[in-house]
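Biologist: I am new to this model and would like a close look at one part of it. Please begin with the overall layout, then go through that part in detail.

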Amino acid sequence: MGREVAESCVDAVVIEMVSAFCQKFYSAEPELAARRIEAIGYQVGHQLVERYTMDCPRFTDHLEAIKFICKEFWSELFKKQIDNLKTNHRGTFVLQDNMFRWIARISPNPLQENSTESSTPNNDNQAAQTTSMHLYFPCGIIRGALTSLGIPCAVSADISNRPACSFVVRIKA
């Protein structure tokens, strides 16, 4: 049996990492904070996929590698598979997790929970930006894993149906 870490510990580390980069290290430069968080995720994904594919043969095509990410890799990270995989068969894949753990517990508007005021566009924008900062890390994990498997790509996330999260993977030609 391999070494494991409690889910709550991983959740806390991710929350604190995003908080530190956004509020302490790069508070005036959110774009730089996002790049740093994604780069850390990239390293994590790269190292994890190396560990998880050590005894596996190389994948023959993109779809096979993406299926590995959706099933085995995601199961190792989140104890569940990706809920839905879609592709246009031209290098774009959409991986959907209907209850993405790392954003499920983030309040859509933390200011509104503690006050009787209605939400304002500024508060909603701040809440959306905070949530999106938490998605750079898993996007980096996916990109790092796929790059390590020989598939250079760009990964973005869509959270229009919270707590569901869709990761859009675009393979670079």
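In what order do the elements of the protein run from the N terminus on? After that, please take helix α7: which of its residues are buried, and what covers them?

Modeller: This is a predicted model, in which local features need pLDDT of at least 70 and side-chain atom pairs count only at pLDDT 80 or more, while totals for chains, interfaces and linings use all residues. Residues are numbered from 1 along each chain as its sequence is written, and side-chain values use heavy atoms, with hydrogens and water left out.

From the N terminus on, the order is α-α-α-β-β-α-α-α-α-β-β. That makes seven helices and four strands; helices (H or I, at least four residues) and strands (E, at least two) are DSSP runs, numbered from the N terminus. Of the 173 residues, 38% are buried, where buried means under 20% relative accessible area, exposed over 50% and partly exposed in between (1.4 Å probe, protein chains only). The protein exposes about 10400 Å², with carbon and sulfur atoms supplying 52% of it; such areas come from the Shrake-Rupley method with a 1.4 Å probe, and for residues, only the protein chains shown count as cover.

Now to α7. This helix is mostly covered, with 10 of its 13 residues buried. The buried residues are Phe-137, Pro-138, Cys-139, Gly-140, Ile-141, Ile-142, Gly-144, Ala-145, Leu-146 and Ser-148. Their cover includes α1, α2, α3, α4, β3 and β4. The 13 residues of α7 should span 18 Å at 1.5 Å a residue, and the end C-alpha atoms are 18 Å apart, which agrees; the expected span of a helix is 1.5 Å times one less than its number of residues. After α7 comes Gly-150, whose phi is positive, near 90 degrees.

In soluble globular proteins, nonpolar side chains tend to be buried together.

Leaving out residues up to four places away in sequence, Val-169 touches Ile-66, Gly-91, Thr-92, Phe-93, Leu-95, Ile-142, Leu-146, Cys-153, Ala-154 and Val-155; a contact means heavy atoms within 4.5 Å. Over the whole protein, among contacts between residues at least 6 apart in sequence, 59% join residues at least 24 apart.

A charged pair ties α7 to α2. Arg-143 forms a salt bridge with Glu-38, the closest N and O atoms being 2.6 Å apart. This pair links distant parts of the chain, with Arg-143 in helix α7 and Glu-38 in helix α2, 105 residues apart. A salt bridge is a side-chain nitrogen of Lys or Arg within 4 Å of a carboxyl oxygen of Asp or Glu. Arg-143 is partly exposed, at 23% relative accessible area, whereas Glu-38 counts as buried at 16%. Glu-38 is one of the buried residues of α2, among them also Ile-37, Tyr-42 and Leu-48. The 23 residues of α2 should span 33 Å at 1.5 Å a residue, and its end C-alpha atoms are 33 Å apart, which agrees.

The structure holds three salt bridges. Asp-83 and Lys-80 meet in one of them (3.0 Å, N to O), and Lys-80 and Asp-97 meet in another (2.6 Å, N to O). The latter pair links Lys-80, in the loop between α3 and β1 (84-87), with Asp-97 in strand β2, 17 residues apart. Salt bridges that share partners join Lys-80, Asp-83 and Asp-97 into one network. Asp-97 is buried, with a relative accessible area of 1%, while Lys-80 is partly exposed at 26% and Asp-83 is partly exposed at 38%.
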